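Welcome, and please get your viewer ready.

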Amino acid sequence: MIEGFGTDAVYAAEKALMARLEDGELMARAVEGLAAVADARLTERGGSSVVALVGPGNNGADALYAAARLAEAGWSAAAVHHEDVHAGAREAAEAAGVVLGRDASVVAEADLVLDGVLGIGARPGLPDWAAAWVAAVPETAYVLAVDLPSGQDPAGAVFDGRGVIADETVTFSVAKPVHLLPPTEQACGALTVVDIGIEVDATPVVRRLDHDDVAALWPVPGPGDDKYSRGVLGVVAGGESYTGAAVLCVTSAVEAGAGMVRYVGTPTPAGLVRAAVPEATHGVGRVQAWVVGPGLDTLSRAAGSRAQLDVARDALAGEEPVVVDAGGLDLLTAGVLRGRRDRVTLLTPHAGECARLLGRLGEEEVSRGEVEGAPLASARRLAGLTGATVLLKGSTTLVVPPGEGSPVWSQADAPPWLATAGAGDVLAGLVGTLLAAGLPADEAGALGALVHGVAAERASGGGPVRALSVARALPGAVAGLLRR
């Protein structure tokens, strides 16, 4: 598992470690790791020159010291720097033959750029004095950010379009929110964590499951289990207008290993489910969790629609855990949410659905763009308004529990090809299966997002993928992850 810690916790851990080390030892460790990564990237790419962008803080010192190390190793090294620069780093750079100056034109000659303009203690936004440096970075250069891409929000909440977009970010000992949260993760590129001995004794701000975590969390049946003990999932999905959603959701649940699936739908999708998923049973019965909403048309007057909506409303009023997706979100009134305050509820909106729900439950209109621009703040607000765990879908999926101070989950496991119709229906069936097996809502959401992404990668093979193929790839994806 990757854990991201806030600035205050990281600084406290650094201070505690520095009190036990000789002066300069912690920076020396950071510089050694940074210079090693930079040397490796220059070698891999057949480059010859490095230019450091040097700000006034410790990140600038790290970059300048690393440039000195690279010059000593034989690379052509230069640096543009702020008027206030770490004295020791400047002395080392001059002694090593690093070309120092303030003119941005030297940046255009770089094969590799070391971004040390700002550190994790900075406010979001690129300072004006560094704008010309960043603008001069050539498209062909490999950009290696020190701790974070300068200009991006250390808390991971705000993306700066003028800021640095890195190919790789080297951070020290632990990840930070900027590396794991949308919208700033996109600016970090690959993340390399260099261990310099810092141990943070604090609650992480953000967590991310990796492939090695799956075996400890996935509900693997034992010899004494049967279809009921493994978890029975009720699915209220599809309608006469959106028939495929039911097939996708039920298929996903069965492929993910639900002990049993009970489907409730209108005549057309019910017939399709009978043909596509003969393992599913039909009608209301005892379940351990529900999925309500994929393809559900709450305004339909078609045959069977009223009875289906009655079951959906009963599920939302009941005691069992519920995944609420797509059309099911339209059934969430203030009264329904009051009734579910102490019950396990996982909402799975995309940005547009999140915006509509915030507008309906709040006091003002919210646009999709506002949610996409501030996804974590939007998901937190929705979790606070509803008392539910919110899984906000996107290229980086957030899973946000209700309550102040709870760490959020952030998963970025899927290929871009997964942005396709029906993918959310598959995810709903998958996380519903995990809820029925007894996982907490936030773990079910994070684990489901990871496995969904792995199955999509497996089904895609690097090309286009259809949602049904993702559902059918779930058994192989789970088996592969359990074998790790």
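Select strands β17 and β18 (residues 408–411): they run antiparallel and are joined by 3 bridges. Strands here are DSSP E runs of at least two residues, helices are H or I runs of at least four, and both are numbered from the N terminus. Two strands count as paired if DSSP finds at least two bridges between them. Within this pair, show valine 399, which stands opposite tryptophan 409 of β18.

A word on what you are viewing: this is a predicted model, in which local features need pLDDT of at least 70 and side-chain atom pairs count only at pLDDT 80 or more, while totals for chains, interfaces and linings use all residues. Residues are numbered from 1 along each chain as its sequence is written, and side-chain values use heavy atoms, with hydrogens and water left out.

Stay with β17 (residues 397–400) and show its side chains. Are they buried or exposed? Thr397 and Val399 on one side, and Leu398 and Val400 on the other, are all buried, where buried means under 20% relative accessible area, exposed over 50% and partly exposed in between (1.4 Å probe, protein chains only). In a regular strand the side chains alternate between the two faces of the sheet.

Pick valine 390: its bridge partner in β17 is valine 400. Valine 390 is also the bridge partner of leucine 347, a link to follow into strand β15 (residues 345–347), which pairs with β16 in the parallel sense over 2 bridges.

Now bring up the whole sheet. It is open and mixed, with 11 strands in the order β1-β9-β18-β17-β16-β15-β14-β13-β10-β11-β12. The edge strands, each pairing on one side only, are β1 (2–4) and β12 (281–282).

For the next stop, select His350, Ala351, Lys393, Gly394 and Ser395. Of the 50 residues lining the largest pocket, these lie nearest its centre. A pocket is an open set of points on a 1 Å grid over the protein atoms alone, where a 1.4 Å probe fits, with protein on both sides within 12 Å along at least five of seven lines; lining residues have an atom within 4 Å of a point. The volume of this pocket is about 1,400 Å³, taken as the space filled by probe spheres set on the points, which are joined across faces, edges and corners. Colour α13 as well: with 5 residues, it gives the largest share of the lining. β17 is among the elements that each supply at least two lining residues.

Then select Trp218, Val235, Val250, Tyr263, Val273, Leu447 and Val451. In the largest nonpolar core, which has 57 residues, these touch the most other members. Such a core is a set of buried Ala, Val, Leu, Ile, Met, Phe, Trp, Tyr and Cys residues joined through side-chain atoms within 4.5 Å.

Finish at arginine 230, in the loop between α8 (214–217) and β10 (232–236). Why does arginine 230 count as partly exposed? Because its relative accessibility is 34%. Leaving aside residues up to four places away in sequence, arginine 230 touches Pro221, Asp225, Gly257, Gly259, Ala436 and Ala437, a contact being heavy atoms within 4.5 Å.
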